[in-house]
Amino acid sequence: MKKLEDYIRSIPDFPEPGIIFRDITTVLADADGFKLAIDEFLKKLEGVDFDVVVGAESRGFIFGAPIAYALGKSFVLVRKKGKLPCETIEQEYELEYGKATVEMHVDAIKPGQKVVLVDDLIATGGTIRASIDLVEKLGGEVVKTVFLIELAGLNGREKLKGYDVDAVITYPGA
């Protein structure tokens, strides 16, 4: 039986020399790999009391929606600025090469709802930190963040101190 790591393709020197790109398209392209990924996420959420799954654009949608479906929870999107049609709140955050902004509908999270944030990868932690800020602005409580992959060498957990952070697979480098 294959492990989830066996489905992830590692591409050296992409997008630049010295970087190992962890490609999850190979997980998604294999039915057994995708099922294994969702099953591993579900294991990470056993015993967690929550109401809503929030997925960050765009790969957080891929994993968050089937998790919400499997657990009978609602699913909420965090999108790049300008992609949501109704009234939104926004949060700007730093990138290594500039700034970005994410948004959420103002009625997406109700005060007091317990939230799990899902994404494919935690690297520097900027996107998920901005997502946490959006949830909290709306009165939600983030009870867990869970990722398919953590690149521990980029110290993303530093931006998430005080939150329950978990990953299915952790790579020690960048």
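**View 1. The crossing of α2 and α3 is right-handed.** The two helices, α2 and α3, pack at about 65 degrees, and their axes lie 10 Å apart. On the α2 side, the contact is made by Phe34, Ala37, Ile38, Phe41 and Leu42. On the α3 side, Ile62, Phe63, Pro66, Ile67, Ala70 and Leu71 take part. By class, the residues of this contact divide into eleven nonpolar, no polar and no charged. The model shown here and in the views below is predicted.

**View 2. Helix α3 runs through residues 59–71.** The helix α3 has 13 residues. From the first C-alpha of α3 to the last, the reach is 19 Å, close to the 18 Å expected at 1.5 Å a residue. Gly72 follows α3. The phi of Gly72 is positive, near 65 degrees.

**View 3. Buried residues of α3 and the elements they pack against.** Gly60, Phe61, Phe63, Gly64, Ile67 and Ala68 are the buried residues of α3. Phe63 and Ile67 also belong to the contact with α2. The helical partners of the buried residues are α1 (25–28) and α2 (31–44). The strand partners are β3 (52–56), β4 (74–80), β7 (114–122) and β8 (141–151).

**View 4. Strand β6 is mostly covered.** The strand spans residues 98–105, and six of its eight residues are buried. Strand β5 (residues 88–95) pairs with β6 in the antiparallel sense, over eight bridges. In this pairing, Ile89 stands opposite Met104 of β6. A hairpin of two residues joins β5 to β6. β4 also pairs with β6 in the antiparallel sense, here over two bridges. Arg79 stands opposite Glu103 of β6.

**View 5. Thr101 and its contacts.** Thr101 sits in strand β6. Is Thr101 buried or exposed? The relative accessibility of Thr101 is 17%, and the cut-off for buried is under 20%. Thr101 therefore counts as buried. Neighbours within four places in sequence are left aside in the contacts that follow.

How values were computed: Residues are numbered from 1 along each chain as its sequence is written. This is a predicted model: local features need pLDDT of at least 70, side-chain atom pairs count only at pLDDT 80 or more; totals for chains, interfaces and linings use all residues. Side-chain values use heavy atoms; hydrogens and water are left out. Helices (H or I, at least four residues) and strands (E, at least two) are DSSP runs, numbered from the N terminus. The expected span of a helix is 1.5 Å times one less than its number of residues. Buried means under 20% relative accessible area, exposed over 50%, partly exposed in between (1.4 Å probe, protein chains only). Contact means heavy atoms within 4.5 Å. Axes are lines fitted to C-alpha atoms, for helices over the stretch in contact, and angles run from 0 to 180 degrees between N-to-C directions. A crossing is left-handed if the near helix is turned anticlockwise from the far one by less than a right angle, and right-handed if clockwise. Ala, Val, Leu, Ile, Met, Phe, Trp, Tyr, Cys and Pro count as nonpolar, Asp, Glu, Lys and Arg as charged, and the others, Gly among them, as polar. Two strands pair if DSSP finds at least two bridges between them.
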